[in-house]
Amino acid sequence: EVTAQDVAQYQEVVLTNLNFGFNNDSKDFFVKAVRGESESQFPTDEMMKLKAYFIAQAKAEQAAELS
């Protein structure tokens, strides 16, 4: 049996150095990896594929409208 006092002794622990976010300027999702003082930001694979699909669809629609 766990009491409230037993639970209160635990503190939050970060298990990963990754943060997920959205860039309003480029309209892209990204993963930010923090290592010490260094921060690296990478677009997510799924979002890159989805963005490429939307761009291809927009180009196909423009081509269809022109012909």
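Predicted model: local features only at pLDDT ≥ 70, side-chain atom pairs only at ≥ 80, totals over all residues.
Biologist: In what order do the three strands form the open sheet, and what is the pairing?

Modeller: The order is E1-E2-E3, and the pairing in this open sheet is antiparallel. Strand E1 (18–23) and strand E3 (38–43) each have a single partner strand and stand at the edges, so one side of each is left without a neighbour in the sheet. On average, and with direction ignored, neighbouring strands of this sheet are turned by 30 degrees against each other.

Biologist: How many bridges join E1 to strand E2, and which residue in E2 does Leu18 stand opposite?

Modeller: Six bridges join E1 to strand E2, which covers residues 28–35, and the two run antiparallel; Leu18 stands opposite Ala33 in E2.

Biologist: How is a pair of aromatic rings described, and how many such pairs does a search of the whole structure find?

Modeller: A pair of aromatic rings is described by the distance of the centres and the angle of the planes. A search of the whole structure finds one aromatic pair. That pair is formed by Tyr53 and Phe54, with 5.9 Å centre to centre and 55 degrees between the planes, and is tilted.

Biologist: Which residues form a nonpolar patch on the surface, and why does Tyr53 count as partly exposed?

Modeller: Leu50, Tyr53 and Phe54 form that patch, and together they have about 320 Å² of accessible area. Partly exposed lies between buried, under 20% relative accessible area, and exposed, over 50%, so Tyr53, at 46% relative accessibility, counts as partly exposed. Leu50, which has its place in helix H2 (residues 45–66), is also partly exposed, with a relative accessible area of 38%.

Conventions
Residues numbered from 1 in each chain as written. Heavy atoms only, no water. Phe/Tyr/Trp six-rings, centres within 6.5 Å; stacked < 30°, edge-to-face > 60°. Buried < 20%, exposed > 50% of the residue type's maximum accessible area, 1.4 Å probe, protein only. Patch = residues over 30% accessible without salt bridge, like charges linked within 9 Å, V, L, I, M, F, W, Y side chains within 5 Å. Areas by Shrake-Rupley, 256 points an atom, 1.4 Å probe, with all protein chains shown as cover. Salt bridge = Lys/Arg side-chain N within 4 Å of Asp/Glu carboxyl O. Helix = DSSP H or I, 4+ residues; strand = E, 2+ residues; numbered from the N terminus. Pairing = 2+ DSSP bridges. Axes fitted to C-alpha atoms, helices over the stretch in contact; angles between N-to-C directions.
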